[in-house]
Amino acid sequence: MRGFLASSIGVTCAVALALPLTPPATAAPVAPAAGRATGTAGPDLPGSTQSLPLTPLATGSTADRTLGPAADQGVTRREVARFSMVGVVWDDPDTALHGKVQVRSRSTGTGTWSDWRDVETHNDDAADPDSAERATGRVRGATAPLWVGDSDAVEARVSAEPADRTEPADRTEETARAVRPRAPLPEGLRLELVDPGDAPPDPASRAAGTPGAAESAEATEAAVANADLAPAGATEIPALGRTATERELVTLRGTELTDDQRAKPHIGDRPRIVTRRGWGADEKLRERKFVYTTTVKAAFVHHTATGNGYTCAQSASVIRGIYRYHVKSLRWRDIGYNFLIDKCGGIYEGRAGGVGKAVLGAHTLGFNSNSTGIAVLGSFGSAKPPAAAVTALARLTAWKLGLYGANPRGKTYLKSGGGNLYRKGKNVRLNVISGHRDGFATDCPGGQLYSRLGTTRTTAARYQGR
């Protein structure tokens with residue numbers, strides 16, 4: 001989630017793993033929640049965000065105490081309002097955080113503290129540098145968010161890494177730390193604690209409407225964007241069979257189809273897609289205007305780096321947390337991804353504007369135009385992606401790319417908007433189904449998920465009848 005960083009080489013957006021460090025003694029005091037940041041909870045705005053400034057942490061090392069701006073920062077153990085997702089943000093999105101971010105939280109269910117867990121420091125999903133979304137001057141640098149489950153207390157620490165790791169072999173670690181400078185941490189570090197809000201009501205009651213509850217204009221607009229695919233108020237866009245999907249293709253894009261495409265369309269059956277209403281999006285959080293590009297030539301595959309410790313019943317909550325983190329903490333116009341897929345193969349509408357349309361996302365810095373971004377919920381650097389999620393990815397790309405005549409096994413050209421792999425304006429030849437790392441120097445979507453993209457391309461093409 002940052003602009004062009006010439007020094008960012010081999011960064012990752014992939015891993016958010018538990019680290020089995022020894023927790024502090026249970027007798028350590030828990031600071032009260034006094035002074036914690038603004039929450040926005042209310043009856044008309046489910047969920048909230050607490051923003052806590054990081055402060056220097058006292059350590060036992062003389063070297064650490066003399067490091068000044070590069071000293072460790074954090075949040076001491078304290079009770080807070082309930083939250084389920086955590087991340088760290090800072091002022092300048094063009095500044096990288098060179099160091100380690102770790103958090104631990106107290107479960108509301110058991111009252112026990114977790115081990116220290118790593119937060120992925122490189123969150124490389126972002127709007128293009130010259131886009132209106134990026135040019136507001138309000139966006140922040142950020143880590144990936146980490147799902148920790150329902151919690152009511154937190155502790156965090158951010159440690160700067162050495163600016164130069166080269167040192168003589170005969171130096172002890174303590175001596176090395178004393179003489180080795182550490183990279184300064186970004187300015188304005190804050191710990192963001194996200195409460196995604198309650199799960200949406202029963203789908204039947206949502207579809208029927210809550211008596212006495214007026215639909216917001218934003219919610220109506222988001223629903224109307226999918227009017228060609230589902231009735232207003234629908235919590236899902238149902239799956240369609242082959243014949244119905246081909247008829248729908250002609251309805252949606254008939255004037256743009258060639259005679260051959262009409263006679264033998266290559267498109268996968270439309271999969272079931274949970275709408276924004278279905279996962280409980282608060283449409284008042286995002287900016288109202290929808291932004292579109294010309295077409296969809298490629299799909300970029302991501303993982304959310306939020307960890308794998310969620311259940312399928314919590315998928316909507318995880319998505320609401322990511323949405324709130326992107327909009328309230330990172331100050332984007334909407335959630336960055338066009339689609340999300342959970343570990344059970346559920347497919348969810350991401351950025352508003354219509355799942356069948358070429359909606360401009362904020363997922364692959366430099367290559368958001370004429371592409372779609374699909375994120376699998378979880379971290380897949382070392383963990384294998386569930387088979388259900390990989391199958392859903394193939395089904396979704398077969399349908400979405402088929403709407404625009406793209407062959408999942410093919411290649412295409414996209415013009416770079418600027419990034420750390422390709423200069424602005426360069427025409428880059430990419431796989432029609434690419435990983436995030438193909439357009440930006442990052443480990444995203446994790447080595448395990450990236451290794452499945454070849455199979456995904458073949459399967460999606462088969463679903464299209466190729």
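Is C344 buried or exposed, or does its relative accessible area place it in between? C344 is partly exposed, with a relative accessible area of 49%, where buried means under 20%, exposed over 50% and partly exposed in between (1.4 Å probe, protein chains only). The structure is a predicted model, in which local features need pLDDT of at least 70 and side-chain atom pairs count only at pLDDT 80 or more, while totals for chains, interfaces and linings use all residues. Residues are numbered from 1 along each chain as its sequence is written, and side-chain values use heavy atoms, with hydrogens and water left out.

The protein chain contains 11 helices and 17 strands, taken as DSSP runs numbered from the N terminus (helices H or I, at least four residues; strands E, at least two). Of its 466 residues, 56% count as buried. The accessible surface of the chain comes to about 19,200 Å², and 52% of this belongs to carbon and sulfur atoms; the areas come from the Shrake-Rupley method with a 1.4 Å probe. Among contacts (heavy atoms within 4.5 Å) between residues at least 6 apart in sequence, 78% join residues at least 24 apart.

In soluble globular proteins, nonpolar side chains tend to be buried together. A nonpolar core is here a set of buried Ala, Val, Leu, Ile, Met, Phe, Trp, Tyr and Cys residues joined through side-chain atoms within 4.5 Å. The largest such core has 36 residues, of which I341 and W399 touch the most other members. At least two residues of this core are supplied by each of strand 11 (298-303), strand 12 (339-341), strand 14 (371-376), helix 9 (387-403) and helix 11 (453-463). Helix 9 gives the most, with 9 residues. Residues up to four places away in sequence not counted, I341 touches G346, I347, I374, A375, V376, L377, A389, A392, L393 and L396. A second, separate core of 28 residues includes V89, V139, L285 and L377.

The whole structure holds 1 disulfide, defined as a pair of cysteine sulfur atoms within 2.5 Å. This disulfide joins C312 to C344, with S to S at 1.8 Å. The torsion about the S-S bond is about 85 degrees, so the disulfide is right-handed. C312 lies in the loop between strand 11 and helix 8 (315-329) and C344 in the loop between strand 12 and strand 13 (347-349), so the pair ties together parts that are 32 residues apart in sequence. C312 is partly exposed at 27% relative accessibility, whereas C444 is buried at 0%.

R270, in the loop between helix 6 (259-263) and strand 10 (273-274), is buried at 3% relative accessibility. Its side chain makes a polar contact with the side chain of E248 at 2.4 Å (a pair of N or O atoms within 3.5 Å; within protein, one must be able to donate a hydrogen and the other to accept it, and residues adjacent in sequence count only if both atoms are side-chain atoms). The side chain of R270 also reaches the backbone oxygen of P238 at 2.8 Å.

There are 3 aromatic pairs, counted for rings of Phe, Tyr and Trp (its six-membered ring) with centres within 6.5 Å; planes under 30 degrees apart are stacked, over 60 edge-to-face and the rest tilted. The rings of F300 and F367 have centres 6.1 Å apart and planes at 40 degrees, so this pair is tilted. The rings of F367 and Y422, with centres 6.0 Å apart and planes at 85 degrees, form an edge-to-face pair. F300, F367 and Y422 form one aromatic cluster.
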